[in-house]
Amino acid sequence: MDTYLLPAAIRELPPPWHDLTYRRSQALEALAPTEERREQARDVLRACLPDRRQSVHGWDEELRDFYDDRDDHTLDEADAWLTRIMPTTSQVTRERVVQVVGAWADMGVPTVPEPPTEQWVDKVAAEWAASVRQALAYDAFAFIERATTVGLLNDGEAEDAALLAAAFVRVGVAVEAAVRVLVSLGRPRGEQALLELVRDDEVRDFRPYVRSRLLGLRRWVYDVRARGVTRDEEPLLPEGLQGLPYSWQNDFGWGATAPDSHSLARARSALEACLTVERAPDDAQLCSQAPADCSAIAEVVRALMPYSRLVTRERMNEAWRECQSLGFVFQGMDAASFATIWCTRIADRVTAAVFRWLADLPQGGGAAGGKETAVLSATALWAAELAERCARRGSAVEEAVWFLHRTEDVPGSREALARLAFDPSLPVTTRNAAQAWAT
């Protein structure tokens, strides 16, 4: 008697769903997404949904590690044996997996034990069964997404699709395809499902991906808010920063700014304003999540406040609440400390951009003539003093030190660099950065 690896609901799928070869995807692409076929796709998903979370990976993961990306046809040939011996869902049995393993042994697949153990066969059988579920779910979600994109789903179908997609994300199967369906459902149904998922502990390591797609859906909300006027809102940045015409997206635009007396005066005003911004404590951490998550927080803040003049108490509170709704957990941090951290980061980013721009300006007497030469020479004097002050407070240290190095022919820059390099009261990282260029 055959030992089936798949439940009856999957074994009895109608064509083309029962086909485990490449022909299934081709056949589905040719089918019009009628109401009956859409229901059939959802039936496939219900049949493939496991009752608990699974870690899905291919049977050949160990083999791929063994071959270390070498150009070899062994993997393709070994993979082909699976669907050659089990071309349909009704033929996925342990006995046929044993036949596949025997073929692999004859091929000399190095990861097959000699002789194959019962435990190893069980492992391959379980991974193959899980892979079949995932492949079927991917195709079913793709079929539904195609119908959703052209607006064919009614409210009941959309609700059913959203529930199924969220369920697959929670068990870790066909996650990307499931999330794409939720994105295609849009607002409010798809968005609400994604909001629930990013706050669900069951989602685990898929949370960053779910959140990234959710941010795409919510981007228009941020854009609308960013276009709103700041009447009666409390600014959080000093006046010297509020007037900057540059956005975060182009690094505050300094790189494309011509060096004239007006732009240099604006640069000086911006640096002096940055020095007045209250700094967050050195040990303040924005979040305990992965760097990708912290980048998502930055995306929210930038989207709501793309220009310095838009950095207000009210909008920062909105960003704080939005990040919480996106599932971020801030340990020991309230809205006020969140605002302090981001004002510090904005000031540091402006400082870094200004010093990069100043460092790239033509240096030396032959770089410009007459009045412009005098302006640039005077710039080096006040900028050196500001660079040292910024470095001492830990703001854009690398950029400030680099500027001092680029202008070290000016006594003020050379002396500031030496002071930073050998001041024992400064952090080691600051001293090391200065020592790398101090002469």
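A salt bridge is taken here as a side-chain nitrogen of Lys or Arg within 4 Å of a carboxyl oxygen of Asp or Glu, and by this criterion R38, E39, R42, D43, R46, E157 and D160 are linked in a network of salt bridges. The model is predicted, so that local features need pLDDT of at least 70 and side-chain atom pairs count only at pLDDT 80 or more, whereas totals for chains, interfaces and linings use all residues. Residues are numbered from 1 along each chain as its sequence is written, and side-chain values use heavy atoms, with hydrogens and water left out.

**Overview. The secondary structure of the protein comes to 20 helices and zero strands.** Helices (H or I, at least four residues) and strands (E, at least two) are DSSP runs, numbered from the N terminus. Of the 439 residues, 47% count as buried, where buried means under 20% relative accessible area, exposed over 50% and partly exposed in between, with a 1.4 Å probe and protein chains only. Contact means heavy atoms within 4.5 Å, and among contacts between residues at least 6 apart in sequence, 73% join residues at least 24 apart.

**Close-up 1. E157 and R42 form a salt bridge within the network.** The closest N and O atoms of the pair are 3.2 Å apart, and the bridge links distant parts of the chain, with E157 in helix α8 (residues 155–171) and R42 in helix α3 (residues 35–48), 115 residues apart. E157 counts as buried because its relative accessibility is 4%, and R42 is buried as well, with a relative accessible area of 6%. The structure holds 33 salt bridges.

**Close-up 2. The side chains of E118 and R94 meet in a salt bridge, at 2.8 Å from N to O.** This pair also links distant parts of the chain, with E118 in helix α7 (residues 118–149) and R94 in helix α6 (residues 94–107), 24 residues apart. E118 is exposed, with a relative accessible area of 52%, whereas R94 is buried, with a relative accessible area of 19%.

**Close-up 3. A salt bridge joins the side chains of R268 and E272 (3.3 Å, N to O).** Both residues lie in helix α13 (residues 261–274), where they are four residues apart, about one turn of the helix. R268 counts as partly exposed at 35% relative accessibility, and E272 is partly exposed too, with a relative accessible area of 37%.

**Close-up 4. Helix α16 (residues 335–360) and helix α18 (residues 397–406) have axes that come within 8 Å and cross at roughly 15°.** Axes are lines fitted to C-alpha atoms, for helices over the stretch in contact, and angles run from 0 to 180 degrees between N-to-C directions. Angles under 35 degrees count as roughly parallel, and α16 and α18 are therefore roughly parallel to each other. The contact is made by A352, F355, R356, L358, A359 and D360 of α16 together with E399, A400, W402, F403 and R406 of α18. These residues divide into seven nonpolar, no polar and four charged, with Ala, Val, Leu, Ile, Met, Phe, Trp, Tyr, Cys and Pro counted as nonpolar, Asp, Glu, Lys and Arg as charged, and the others, Gly among them, as polar.

**Close-up 5. T407 lies in the loop between α18 and α19 (411–422).** T407 counts as buried, at 0% relative accessibility. T407 and A384 are 23 residues apart in sequence, and their C-alpha atoms are 8.2 Å apart in space.

Methods:
Parallel < 35°, antiparallel > 145°, perpendicular 65-115°, else oblique.
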